[in-house]
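Please keep the sequence and the structure in view while reading.

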Amino acid sequence: MRRRYHHLLRPECAKLSGAIDKNAKSREATPNAIFRVPPMKILITGSSGLIGSALIPVLTSQGHQVVRLVRRKVNAGEGVASWNPEAGRLEPSVFEGAHAVVNLAGENIGTARWTPNRKARLRESRGRGTKLL
């Protein structure tokens with residue numbers, strides 16, 4: 001996977017912001033070896049989907065703490081929190097110490113034709129969650 005996103009880690013792009021680590025040996029180094037990225041707490045909705053399931057291992061391998069926001073009931077445990085965008089339920093304490101939120105939740109876009117009715121449902125499913133967050 002590192003090679004697929006290799007073009008995004010060009011040291012010459014980071015030099016402008018001063019984010020480059022001068023001790024990095026080559027472009028083939030891991031992202032944290034090239035860039036000084038402090039560990040962050042990142043909340044992710046839609047973590048069981050195509051993008052979310054690929055994103056979580058990348059973020060955790062870079063030292064970030066990932067908290068998955070899921071719609072099912074969960075026991076209070078590290079790394080998972082419950083939310084319900086349809087009911088407008090989200091515990092505000094989930095956001096304590098969070099640096100970023102990645103909202104990937106919404107109705108699956110590939111399961112049926114995009115009729116006008118379906119397009120409205122797709123927009124609604126994303127809008128409710130975004131408004132709640």
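Leu104 counts as partly exposed, because its relative accessibility is 31%, where partly exposed is the range between buried (under 20% relative accessible area) and exposed (over 50%), computed with a 1.4 Å probe and protein chains only. Leu104 sits in the loop between strand S5 (100-103) and helix H4 (116-132), helices (H or I, at least four residues) and strands (E, at least two) being DSSP runs numbered from the N terminus.

Together with Leu50 and Ile51, Leu104 forms a nonpolar patch on the surface with about 330 Å² of accessible area. Patches are made of residues with over 30% relative accessible area and no salt bridge, with like charges joined within 9 Å and nonpolar side chains (Val, Leu, Ile, Met, Phe, Trp, Tyr) within 5 Å; accessible areas come from the Shrake-Rupley method with a 1.4 Å probe, and for residues only the protein chains shown count as cover.

## Basis of the model and overall make-up

This is a predicted model, in which local features need pLDDT of at least 70 and side-chain atom pairs count only at pLDDT 80 or more, while totals for chains, interfaces and linings use all residues. Residues are numbered from 1 along each chain as its sequence is written, and side-chain values use heavy atoms, with hydrogens and water left out.

The protein contains four helices and five strands, which follow the pattern α-α-β-α-β-β-β-β-α along the sequence. Of its 133 residues, 27% count as buried, and carbon and sulfur atoms account for 55% of an accessible surface of about 9100 Å².

Apart from neighbours within four places in sequence, Ala105 is in contact (heavy atoms within 4.5 Å) with Thr45, Gly46, Trp83 and Arg126.

In helix H3 (residues 50-61), Gly52, Ile56 and Leu59 are buried. They lie on the same side of H3 because they cover an arc of only 80 degrees around the axis, the arc being that of the directions from the helix axis to the C-beta atoms. Strand S1 (41-45) and S2 are among the elements that cover these buried residues, whereas the face of H3 turned away from the buried side carries the exposed residues Leu50 and Ser61.

## Salt bridges

A search of the whole structure finds four salt bridges, each defined as a side-chain nitrogen of Lys or Arg within 4 Å of a carboxyl oxygen of Asp or Glu. In one of them, the side chains of Arg128 and Glu86 meet at 3.8 Å, N to O. Arg128 lies in helix H4 and Glu86 in the loop between S3 and strand S4 (89-90), so this pair ties together parts that are 42 residues apart in sequence.

Glu107 pairs with Arg118 at 2.5 Å, N to O, and also forms a salt bridge with Arg121, with the closest N and O atoms 3.4 Å apart. Arg118 counts as buried at 3% relative accessibility, whereas Arg121 is partly exposed at 38%. Salt bridges that share partners also join Glu86, Glu124 and Arg128 into one network.
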